[in-house]
Amino acid sequence: MSDVRAVPIGDQRITTAKSITVVSPYDGKVLGIIPACGADEVNQSVVAAHSAMNSKPLAAWRRAEILETAARLLGERVEEFAQTIARESAKPISTARVEVARTISTFIFSAAAARALAGEMVPMDSAAAGEGKLAFTLRVPIGVVGAISPFNFPLNLVAHKVAPAIAAGCAVVLKPASQTPFSAIALAEMLLDECGLPAGYLNVVTGSGSVVGEAIVNHGDIAMITFTGSPEVGWEIKAQAPRKKVGLELGNNAPVIIEPDADIETVAIKIAIAGFSYAGQSCISTQRVYVHEDVVDELVAQLVPRIEKLKVGDPLDDSTDVSALISVSERDRVMEWIEEAQQGGATVLCGGKVVDGVLSPTLLIDVTPEMKVCSHEVFGPVVSIQRYKLTDEALRLANDTRYGLQAAIFTNDFSIAMKAITTLDFGGVLVNEVPTFRSDQMPYGGLRDSGNTREGPQYAVMEMTETRLVILPLPTTSEK
C-alpha cells in the first residue's frame with residue numbers, strides 16, 4: 001500500500017484495503033492512488049473531531065493565527081498548488097494560479113472573521129419582565145461539520161468550507177471530489193503539520209459519494225453538512241438529514257442581458273473569458289446571453305474572433321485557455337446538447353467540435369428556452385445567444401429558470417439597471433459585469449435549485465455557529 005496517498009484522520013495517516021486510481025482528465029495518465037474510505041473511516045473521523053473539539057478548544061486568536069499561517073504558506077507555494085490543481089482537474093495552469101490566489105484570500109478573510117466573531121447585547125429592560133437583568137449572546141461552534149466539496153475548484157471550494165469552520169471553532173470531516181483529491185489532501189497536511197491545527201480538527205475521507213457521502217450525511221454526531229454540487233444530490237442530502245443544518249451551494253445557468261446602450265466591446269471581452277474559463281465548469285459560468293436585437297450583429301462580430309483565439313490544449317501549458325472537461329462522459333454529454341440545439345434550429349457560430357479530445361469553445365445563436373443548453377446547467381464551454389426587443393422580455397426570459405444564483409445586465413441607463421436589480425430573482429445581481437464575477441468575501445449563494453445558503457467566510461462562520469443567550473441578574477440598590 002506504499003503507493004497509496006494516505007489521508008489524515010485524527011492523529012494518524014491512513015490507507016484502506018480498497019483504493020481509487022485518479023487519472024488526468026486531459027490525457028488519462030495515472031496521477032496517483034487514494035484510499036477508498038467507508039463508513040468505518042467516517043466514524044473514526046467523527047470520533048476524532050469530537051475529541052479534538054472537547055479536549056483542545058481553540059480560542060479565537062489561535063484560530064486566526066492558524067488561518068493566517070495557512071495564507072502565508074500558500075503564498076509561498078502558489079506554483080506547487082497550482083500544478084496539482086492543473087493536473088487533477090485539467091484547469092489551465094494560469095487559471096489554477098488564480099485559484100490559489102483566491103484561496104489565500106479565503107483564508108485571510110476567515111482569519112478576520114475569527115477575530116471579529118462576537119454576539120450582541122440584549123436590551124432586557126425594554127420590557128418590564130426584563131428589568132434587573134443583563135443579557136448578551138455568544139456565538140458558539142455548531143459542532144462537527146461534514147464538508148462535501150466538488151471537483152471544479154479543488155482548492156478554493158475546500159477552503160470555503162474548511163477555513164470558516166476553523167474560524168468558528170468547528171472540527172471538519174471533509175470528503176473531497178474523487179476526481180480531484182490531491183489539492184485537498186495537501187492543504188489538510190499543511191494545516192495539520194505546519195500551521196498548528198490540532199489533530200482531529202480536519203479529517204479527510206476520500207471515496208465515493210454513495211459510500212462516504214452517505215455515511216457523512218447519516219452520521220448522528222455531525223451537526224452540519226455543507227455541500228457544493230448538483231441540485232439533485234443536494235436536495236436529497238437535505239431530505240435525508242432533516243435534523244441537521246444543511247448548507248447547499250448548487251447549480252445555475254447564469255444569464256446576462258445586453259442593452260443597446262452597453263459598451264459592446266467590453267461585453268465581448270468579458271464574455272469570452274467568463275463563458276469559457278475552466279471550460280465553463282463553474283456554477284456562475286456565463287451561459288445564457290440575451291442581446292437586444294439592435295446590437296446582436298455587433299456583439300457577434302466582436303465575440304466570435306475572441307472565442308476563436310482561445311487556445312485549446314494541455315492544461316500545463318502557460319498559453320492554454322481551455323482544456324478538457326472533467327471526463328469523457330461529460331464532454332460527450334455537452335456535445336449531445338449542442339447537437340440537440342442545432343437540430344432545434346440553433347446555429348453554431350464557432351466551436352462545436354472535439355479537437356484532440358477537447359471540446360472547443362462553442363457559441364450558439366437563435367437558441368430557444370426549452371433547449372437543454374438554455375434550460376439546464378451546461379457545465380461546459382458553451383454560450384448561447386437569444387435576441388429580444390423589449391427589456392421586460394429579457395428580464396422575463398432571464399427569470400424563466402429553476403436556478404437563481406447570479407444574473408447580470410449591461411446598461412448605462414440607471415432606471416433600467418434599477419429595474420433589473422428589483423426584478424431579477426437571483427441571489428446576486430450584477431450591473432455592467434458578467435454573472436461569473438465572484439470575490440471571496442462577498443455573500444455568495446442562490447435561490448431555488450441554486451441552493452439555500454450564503455458562502456463567503458463572514459457569512460459561513462455565522463452558519464457554523466449557534467447563538468447562546470446569557471442572562472445575569474443586576475445588583476439591586478441595597479446590594480450596591
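I took buried to mean under 20% relative accessible area, exposed over 50% and partly exposed in between, with a 1.4 Å probe and protein chains only. On that basis, 56% of the 480 residues of the protein count as buried.

I noted that this is a predicted model, in which local features need pLDDT of at least 70, side-chain atom pairs count only at pLDDT 80 or more, and totals for chains, interfaces and linings use all residues. Residues are numbered from 1 along each chain as its sequence is written, and side-chain values use heavy atoms, with hydrogens and water left out.

Entry: arginine 288. I located arginine 288 in strand S13, residues 288-292; strands are DSSP runs of E, at least two residues, numbered from the N terminus. I found arginine 288 buried but without a salt bridge (a side-chain nitrogen of Lys or Arg within 4 Å of a carboxyl oxygen of Asp or Glu). The nearest side chain of opposite charge belongs to aspartate 400, 6.6 Å away; Lys and Arg count as positive, Asp and Glu as negative, and His and the chain ends are not counted. I also saw that the side chain of arginine 288 reaches the backbone oxygen of alanine 398 at 3.0 Å.

Entry: cysteines. I looked for disulfides (pairs of cysteine sulfur atoms within 2.5 Å) and recorded zero in the structure. The sulfur of cysteine 195 is too far for a bond, because the closest cysteine sulfur, in cysteine 170, lies 18 Å away. Cysteine 195 is buried, at 6% relative accessible area. For cysteine 283, the closest cysteine sulfur is that of cysteine 374, at 18 Å, again too far for a bond. Cysteine 283 is buried as well, at 10% relative accessibility.

How values were computed: Helix = DSSP H or I, 4+ residues; strand = E, 2+ residues; numbered from the N terminus. Polar contact = N/O pair within 3.5 Å; in protein donor to acceptor, adjacent residues only side chain to side chain.
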